[in-house]
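Me: I'd like to learn how to read aromatic contacts in a model. Can you walk me through it?

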Amino acid sequence: RPQYLVADPALRAEWGSRLARLGRGPKIGISWRGGSSTEKMLARSVPLNEWLPVLRVPHATWVNIQYGPCDGLLRKMADDYGVTIHDWHDLDQTREMESMAALLSELDLVISVSNSTVHLAAAVGCPVWLLLSAAADWRWMVERVDSPWHPSVRLFRQTTQREWADTLGSLGDRLMRLVERNVAAA
């Protein structure tokens, strides 16, 4: 994994142990909101219920890496759709950067919209699949599927502003193939 930040080994061991207790299958962190202004948030964020083509991939274990309050939304996903997204209340994703870096280091994959979590995950070498809006900012360039800044990042671009179904469907299909290969190899 290409990386330029190294997470604390003791914290990595702690997070590795926590993740192992979740069972077999890849541990995948997800983050669905981004942007500091209302306009940016509307462009970058993907309502969590629209993630169902991704979240229903069998054998994947989902881990919340979204910063900010989301307990109610995670409960709603479990109640309404039967999707479990594991969350740890003792982790503040915005204030405990060392612990967050350690968690990201131990994940098999991060799937996120464009936000600060992507940059931290890439910095510690975690593979990242990044959902980009049709009007992505300059750092992601145009028509690329990779990032010159972060070798571990794969870009999934939206084709129509605020329409995520095709992008999430494509990402879900790719994830299904990846997970199936991992299950077959185990």
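**Rings and charges**

Reply: Let's start with a charge: Arg154 sits over the face of Phe156, 4.5 Å from the ring centre. That label needs NZ of Lys or CZ of Arg within 6 Å of the ring centre and within 35 degrees of the ring normal. Likewise, Arg18 lies over the face of Trp15, at 4.4 Å from the ring centre.

Me: What kind of model is it?

Reply: A predicted one: local features need pLDDT of at least 70, side-chain atom pairs count only at pLDDT 80 or more, and totals for chains, interfaces and linings use all residues. Residues are numbered from 1 along each chain as its sequence is written, and side-chain values use heavy atoms, leaving out hydrogens and water.

Me: How many aromatic pairs are there by this rule?

Reply: In general, a pair of aromatic rings is described by the distance of the centres and the angle of the planes. Rings of Phe, Tyr and Trp (its six-membered ring) pair if their centres lie within 6.5 Å; planes under 30 degrees apart are stacked, over 60 edge-to-face, the rest tilted. Here that gives two aromatic pairs. Trp15 and Trp88 are edge-to-face, at 5.1 Å centre to centre and 85 degrees between the planes.

Me: Are Trp15 and Trp88 buried or exposed?

Reply: Buried means under 20% relative accessible area, exposed over 50%, partly exposed in between (1.4 Å probe, protein chains only). Trp15 is buried at 1% relative accessibility, and Trp88 is buried at 16%.

Me: And which angle does the pair of Trp129 and Phe156 have?

Reply: Their planes are at 45 degrees with centres 5.3 Å apart, so the pair is tilted. Trp129 is buried at 8% relative accessibility, and Phe156 is buried at 5% relative accessible area.
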